[in-house]
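Student: I would like to learn how to read some features of a structural model. Please take them one at a time.

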Amino acid sequence: MKVKIGIIGCGKIAQVRHIPEYKENKNAEIVGFYGRNEDRTQKMVEKYGGKSYTSYEELLANPGIDAVSICTANHVHAEMAIAALKAGKHVLCEKPMATRLEDCEKMVEVAKRTGKLLMIGHNQRYAKAHDKAKKLIQEGVIGEIITFKTTFGHGGPETWSIDPGKNVWFFRKSEAGLGAIGDLGIHKTDLIQFLTGQVVVETTAKLVTLHKKDAQGHPIGVEDNAFCIYRMSGGIVGTMTASWNYYGPEDNSTILYGTKGIMHIYDDAQYSIKIMLKNGENIYYDIDQIQTNDNQSKSGVIDHFVECLVENKEPEISGTEALKAMRAVFASMESSKTGRTVVVQQY
């Protein structure tokens, strides 16, 4: 029996990731769509089947829908996720979870109370080289990690959005809430916690708008760069950088510096992992190349979500797990605003 899926939000992330990946999954069936743009929503129905709804509440009222993907602008993630959970639906929500920490915590609380699954779309964990890197780290190949540099930068969401240009919702504080740190930095924050097995407990951050302008020529309403120094729960200290100002090839790399050597992940066109040990030995892995905005590949997120629904198990990136990265992000925003180092309350 297939899991019946409703899609809320029919923009770019839905069209290039969620919808096609559900369609390829033999255990899932998309039965409904809702989006603010009625023409776009109708085109999804014509292409993939199912029913078009005039509101997300109407979609959630359908008892035949088991789970939903929330692919909307950031500011309505919490509202829609909480409504879906209360309506008895399992939820896969795009990142960032929400635009306020209290809303993220409320999403987790409602998921626990309703007994429904809540998963957040942090796809970096499913990149093959990241999975392999974690195993190598656990095996002690580079020894104990001392420090790291993790980076995610590209030319900005105006080049990728379903409505490209300087009027994208990503640039509006009212809809995005967060800028580069919520779009890109949340990925690398979750990733470094995944790779190291530690959580961020302290951050010193600077969030700035250096270059992006809106259609009127004014600086955009959110930051286009985030520079964070993270201290991890096990004592590791490193940097996380997120930028919308990389006007060339994307940088989606992570470098880990250990007591036995250095591990480079996704910073080489040929080798997805390069390990240079202090004894002179070099180890190379040609596993895959991480997806970019221009070169989309299967994320793994949807398959894992469906697997969890079928097997009734907790997602690897549950709301509870994603909350750890969101706490670091909101603490970084506070650090940048106050000019002080902020302790991250991981509880």
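The dialogue below goes through helices, a cavity, a loop residue and backbone angles.

Student: What should I know before starting?

Tutor: This is a predicted model, in which local features need pLDDT of at least 70 and side-chain atom pairs count only at pLDDT 80 or more, while totals for chains, interfaces and linings use all residues. Residues are numbered from 1 along each chain as its sequence is written, and side-chain values use heavy atoms, with hydrogens and water left out.

Student: Which residues of helix H2 are buried?

Tutor: Helices (H or I, at least four residues) and strands (E, at least two) are DSSP runs, numbered from the N terminus. Buried means under 20% relative accessible area, exposed over 50%, and partly exposed in between (1.4 Å probe, protein chains only). In H2, residues 38-48, the buried ones are Arg40, Thr41, Met44, Val45 and Tyr48. Their directions from the helix axis to the C-beta atoms define an arc; the buried residues of H2 fall within 145° seen down the axis, so they line one face of the helix. Glu38, Asp39, Lys43, Glu46 and Lys47, on the other side of H2, are exposed.

Student: What covers the buried residues of H2?

Tutor: Contact means heavy atoms within 4.5 Å. The cover includes H1, strand S2 (28-34) and strand S3 (51-52).

Student: What is found at the start of H2, and what follows H2?

Tutor: At the start, a side-chain oxygen of asparagine 37 reaches to within 3.1 Å of the backbone nitrogen of aspartate 39. Glycine 49 follows H2, with a positive phi near 90°.

Student: How many residues of helix H4 are buried?

Tutor: In H4 (residues 77-86), 7 of the 10 residues are buried, so this helix is largely enclosed by the rest of the structure. They are His77, Ala78, Met80, Ala81, Ile82, Ala84 and Leu85. Their cover includes strand S1 (3-8), helix H3 (56-60), strand S4 (67-70), strand S5 (90-93) and helix H5 (101-114). Just after H4, glycine 88 has a positive phi of about 90°.

Student: Which residues line the largest cavity?

Tutor: On a 1 Å grid over the protein atoms alone, a cavity is a set of points where a 1.4 Å probe fits but cannot get out, and lining residues have an atom within 4 Å of a point. The lining here is Arg17, His18, Glu94, Gly121, Asn123, Ser299, Val301 and Ile302. Helix H1 (12-24) and helix H9 (301-311) are the elements that give two or more residues to this lining.

Student: Where is asparagine 252 found, and what does its side chain contact?

Tutor: Asparagine 252 is in the loop between strand S10 (237-243) and strand S11 (254-258), and counts as buried at 5% relative accessibility. A polar contact is a pair of N or O atoms within 3.5 Å; within protein, one must be able to donate a hydrogen and the other to accept it, and residues adjacent in sequence count only if both atoms are side-chain atoms. The side chain of asparagine 252 makes such contacts with the side chains of glutamine 124 (3.1 Å) and lysine 188 (2.7 Å).

Key. 1 Å grid on protein atoms, 1.4 Å probe; cavity = no way out; pocket = protein on both sides within 12 Å on 5 of 7 lines; lining within 4 Å.
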